[in-house]
Amino acid sequence: MREDARVTDEVNGRAGTPLVDEAVKKAAVAWVGVAGGPARALWCVPSPGSLLVVSGPGEQAAPGLAEAAEAQVTLRGDHGGRIVTWPARVTRLAPGTEEWAALAPTVAAKRLNAPGSAADLAQRWATDGCALVRLTPAGEPAAGDRLPDASLAEPPRAAPVVRATRRPFRLHRVRRR
């Protein structure tokens with residue numbers, strides 16, 4: 001990568017590229033992997049130079065993200081294909097701080113199908129132990145030829161749910177010969 005294509009923000013300790021910045025601005029879903037584990041599709045909200053993700057009770061599951069210091073973030077383009085993967089620094093925002101007061105209501109307002117108002121939702125996140133984390137670019141992104149050629153698809157994870165197989169519905173009785 002050319003040195004002039006890299007953007008560094010010394011105040012926030014953020015390192016990014018124009019591609020990462022543009023992909024972050026348009027992101028609604030990010031694939032986030034923590035500690036070498038499988039990446040999970042997480043709903044996110046763009047914030048200047050970073051992504052905000054909420055997880056916890058009553059919200060999306062992101063095991064290990066709240067406690068992690070680093071994560072791998074993959075963003076996809078309008079065509080559905082992977083356009084960039086970048087290492088991220090994970091920062092958990094604490095309830096009661098200025099950052100929380102500024103960002104939690106913004107994220108809550110963008111949450112679809114939320115019960116109650118944005119202020120009520122942000123308050124529930126603070127009291128129920130939900131985690132609001134900021135994912136900030138923290139390293140060299142992989143894009144273009146540097147992305148893997150393979151699909152990276154994984155087999156479905158085991159789940160405790162069971163789908164009962166029903167017999168087909170028949171309006172009348174079919175006689176066997």
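## Salt bridges

A salt bridge is taken here as a side-chain nitrogen of Lys or Arg within 4 Å of a carboxyl oxygen of Asp or Glu. By this rule, the structure holds seven salt bridges. The model is a predicted one, in which local features need pLDDT of at least 70 and side-chain atom pairs count only at pLDDT 80 or more, while totals for chains, interfaces and linings use all residues. Residues are numbered from 1 along each chain as its sequence is written, and side-chain values use heavy atoms, with hydrogens and water left out.

R111 and E59 form a salt bridge whose closest N and O atoms are 2.8 Å apart. This pair links distant parts of the chain: R111 lies in the loop between α2 (98–110) and α3 (118–128), and E59 in the loop between β6 and β7, 52 residues apart. Helices (H or I, at least four residues) and strands (E, at least two) are DSSP runs, numbered from the N terminus. Both R111 and E59 are buried, where buried means under 20% relative accessible area, exposed over 50%, and partly exposed in between (1.4 Å probe, protein chains only).

E99 and R134 also form a salt bridge, at 2.7 Å from N to O. Because E99 lies in helix α2 and R134 in strand β9, the pair ties together parts that are 35 residues apart in sequence. E99 is partly exposed at 37% relative accessible area, whereas R134 is buried at 15%.

Within helix α3, D128 and R124 lie four residues apart, about one turn of the helix, and their salt bridge has its closest N and O atoms 3.7 Å apart. D128 is partly exposed at 39% relative accessibility, as is R124 at 23%. Salt bridges with shared partners join E59, R111, R124 and D128 into one network.

## Nonpolar cores

A nonpolar core is a set of buried Ala, Val, Leu, Ile, Met, Phe, Trp, Tyr and Cys residues joined through side-chain atoms within 4.5 Å. The largest has 25 residues, of which V32, L51, L65, V73, L75, W86 and L135 touch the most other members. Elements that each supply at least two of its residues are α1, β3, β6 (50–55), β7, β8 and β9 (131–137); the largest share, four residues, comes from β8. A second, separate core of 14 residues includes V45, W100, L103 and L132.

Leaving aside neighbours within four places in sequence, V73 is in contact (heavy atoms within 4.5 Å) with residues including W31, V32, L51, W86 and L135.
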